[in-house]
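Colleague: I am new to this structure and would like to learn how to read it. Could you walk me through a few features?

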Amino acid sequence: LKEQGISVNFGQKTGLNDAFIISSSIRDLLLSQCKSDDEFKRTEALVKPVLRGRDIKKYYSPLTSSYIILAYNGFYKVAREQYPVLYNHLIKYEQELKDRGQCTDDPNDPQNPFKEFSGQHHWLELDNNPTLDKLNEYAEKNLIWKRVGSILRFSYSPSFVVSLDSTCYAIGNNIKYLCCILNSKMGHYILSKTAPRTGTGDLLISVQAINPVRVPIPISVFRN
């Protein structure tokens, strides 16, 4: 798949779902507190639908009523000024967010005197340090699936839907075609023979398992 222009990635890790995952009613409440159209547009752009592993259905997953606050790497620098509504929501969880392991320890850079925080990222941000460009990959057509399980389901997403770290997602060429292939009996057979398993026998369909998978290239690609 890698040779066919497919990029496979892990879903987003919040470190504290209570803070970053909100219901549709909370989303609507936060947006209603924006004081200008510009603030509304900025805020809305960082609050997107989210899927957990258990939400993934075969071929297509209906949206749930859950949303994620996309507090990207560097968000802390502009949060209070540009996203006051999101900032005021997140500071309710300040101590719990500060207590996350990635916010208290940075084994790669423990003594940097120029850092404004002690951990790998600021406490206002998501745990896996995603850049805004990385998060915007979800705006592309993508394929989402649960990373661990006995039942394989690959879901095509045509719009901006974010997935959590219980999933993986893929972007690139022929995504809709790939969704059909991996959901087929042939796709399940290939993965059952090549993917590693947990101690209980569940398949681990992570980045390392998907990248080496060999699938037929669509005829149209040969013709082009």
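Modeller: Gladly! One idea comes first: helices and strands are DSSP runs, numbered from the N terminus. Keep in mind, too, that this is a predicted model.

Colleague: With that in hand, where does F117 lie?

Modeller: You will find F117 in the loop between α7 (101–104) and α8 (132–135). Its contacts, leaving out residues up to four places away in sequence, are Y76 and H122. F117 and T104 are 13 residues apart in sequence, and their C-alpha atoms are 8.6 Å apart in space.

Colleague: Why does F117 count as partly exposed?

Modeller: Buried means under 20% relative accessible area and exposed means over 50%, with partly exposed in between. F117 has a relative accessible area of 22%, so it is partly exposed.

Colleague: What about phi angles?

Modeller: Most residues other than glycine have a negative phi. Here, N129 has a positive phi of about 55° although it is not a glycine. N129 sits in the loop between α7 and α8. N174, also not a glycine, has a positive phi of about 55°, and its place is the loop between β9 (167–172) and α9 (175–183).

Colleague: And the sheet: in which order do its four strands come?

Modeller: The order is β2-β4-β3-β8, in an open sheet with mixed pairing. At the edges are β2 (21–23) and β8 (162–163), each pairing on one side only. β2 runs antiparallel to β4 (residues 66–69), joined to it by three bridges, and I21 stands opposite I68 in β4. Helix α2 (residues 24–32) packs on this sheet, touching β2, β3 (47–51) and β4. The direction of α2 makes about 90° with that of β2.

Technical notes: Residues are numbered from 1 along each chain as its sequence is written. This is a predicted model: local features need pLDDT of at least 70, side-chain atom pairs count only at pLDDT 80 or more; totals for chains, interfaces and linings use all residues. Side-chain values use heavy atoms; hydrogens and water are left out. Two strands pair if DSSP finds at least two bridges between them. Helices (H or I, at least four residues) and strands (E, at least two) are DSSP runs, numbered from the N terminus. Contact means heavy atoms within 4.5 Å. Axes are lines fitted to C-alpha atoms, for helices over the stretch in contact, and angles run from 0 to 180 degrees between N-to-C directions. Buried means under 20% relative accessible area, exposed over 50%, partly exposed in between (1.4 Å probe, protein chains only).
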